[in-house]
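Visitor: I'm new to reading structures, and I'd like a tour that goes step by step. Where shall we begin?

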Amino acid sequence: MPLDFTKHFVAGPTEFNLRNNTGCSWKVTVKLMNGRVTLDQGWATYATVHQIKIGYMVTFKLLTPDTLKVIIFDDDGTEVVSKCGKHGEAFAAKE
């Protein structure tokens, strides 16, 4: 995550719910690595299920202290609308 974004967290959460454009939620953990906050457990599976490819742009908007809205754009700049895919219960956010 960009430093300008994470500097506003005094003590950031250890996990976030990622909410996509159809309202589905996905739980990912975050960790500090080399002075930066990174998405960790759950992110690789999220990226695979939502078919995020090299060249795609992913935007994050902070909705609540522990929820990020995720919008994915393909390499043509078109927003990718992802229905809820099947994923492991370990990372499915409970509503």
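Guide: Let's start with a term: two strands pair if DSSP finds at least two bridges between them. Keep in mind that what you're looking at is a predicted model.

Visitor: Okay, how many bridges join S4 to S5?

Guide: Strand S4 covers residues 57–64, and strand S5 covers 67–73. The two form a hairpin with two residues between them. S4 and S5 run antiparallel, and the number of bridges joining them is seven.

Visitor: In which sense do S1 and S5 pair, parallel or antiparallel?

Guide: Strand S1 is made of residues 15–19. Leu18 has Leu68 as its bridge partner in S5. Over three bridges, the sense in which S1 and S5 pair is parallel.

Visitor: Which residue in the turn between S5 and S6 has a positive phi?

Guide: Strand S6 is residues 79–80, and S5 pairs with S6 in the antiparallel sense over two bridges. Phe73 stands opposite Glu79 in S6. The hairpin of S5 and S6 has five residues between its strands, and the turn residue with a positive phi, about 85°, is Gly77.

Visitor: And which residue has a positive phi in the turn between S2 and S3?

Guide: S2 (residues 25–33) and S3 (residues 36–39) pair in the antiparallel sense, over four bridges. Across that pairing, Lys31 stands opposite Thr38 in S3. The hairpin has two residues between S2 and S3, and the one in the turn with a positive phi of about 55° is Asn34.

Visitor: What is the phi of Gln51, roughly?

Guide: First, some background: most residues other than glycine have a negative phi. Gln51 lies in the loop between H2 and S4, and it counts as exposed because its relative accessible area is 53%. Gln51 isn't a glycine, yet it has a positive phi of about 50°.

Visitor: His50 is in that loop too. Is it buried or exposed?

Guide: His50 does lie in the loop between H2 and S4. Leaving out residues up to four places away in sequence, it touches Asn20, Trp26, Ile72 and Ser82. Its relative accessible area is 7%, and the cut-off for that label is under 20%, so His50 counts as buried.

Visitor: What kind of pair do the rings of Trp43 and Tyr46 make?

Guide: A search of the whole structure turns up three aromatic pairs. In the one you ask about, the ring centres of Trp43 and Tyr46 are 5.4 Å apart and their planes sit at 20°, so the pair is stacked.

Visitor: About how much helix separates Trp43 and Tyr46?

Guide: Helix H2 runs over residues 43–49, and both residues belong to it. Because Trp43 and Tyr46 are three residues apart in H2, what separates them is about one helical turn.

Visitor: How many residues apart are Trp43 and Phe60?

Guide: The rings of Trp43 and Phe60 have their centres 6.1 Å apart and their planes at 55°, so that pair is tilted. It links distant parts of the chain, with Trp43 in helix H2 and Phe60 in strand S4, and the separation is 17 residues.

Visitor: Which elements give two or more residues to the largest nonpolar core?

Guide: That core has eleven residues in all, among them Phe16, Leu18, Trp26, Val28, Tyr46, Leu68 and Val70. The elements giving it two or more residues are S1, S2 and strand S5.

Visitor: One last one: what distance separates the C-alpha atoms of Gly23 and Val70?

Guide: Gly23 has its place in the loop between S1 and S2. At 34% relative accessibility, it counts as partly exposed. Gly23 and Val70 are 47 residues apart along the chain, and their C-alpha atoms are separated by 10.0 Å.

Notes
Residues are numbered from 1 along each chain as its sequence is written. This is a predicted model: local features need pLDDT of at least 70, side-chain atom pairs count only at pLDDT 80 or more; totals for chains, interfaces and linings use all residues. Side-chain values use heavy atoms; hydrogens and water are left out. Rings of Phe, Tyr and Trp (its six-membered ring) pair if their centres lie within 6.5 Å; planes under 30 degrees apart count as stacked, over 60 as edge-to-face and the rest as tilted. Buried means under 20% relative accessible area, exposed over 50%, partly exposed in between (1.4 Å probe, protein chains only). Contact means heavy atoms within 4.5 Å. A nonpolar core is a set of buried Ala, Val, Leu, Ile, Met, Phe, Trp, Tyr and Cys residues joined through side-chain atoms within 4.5 Å.
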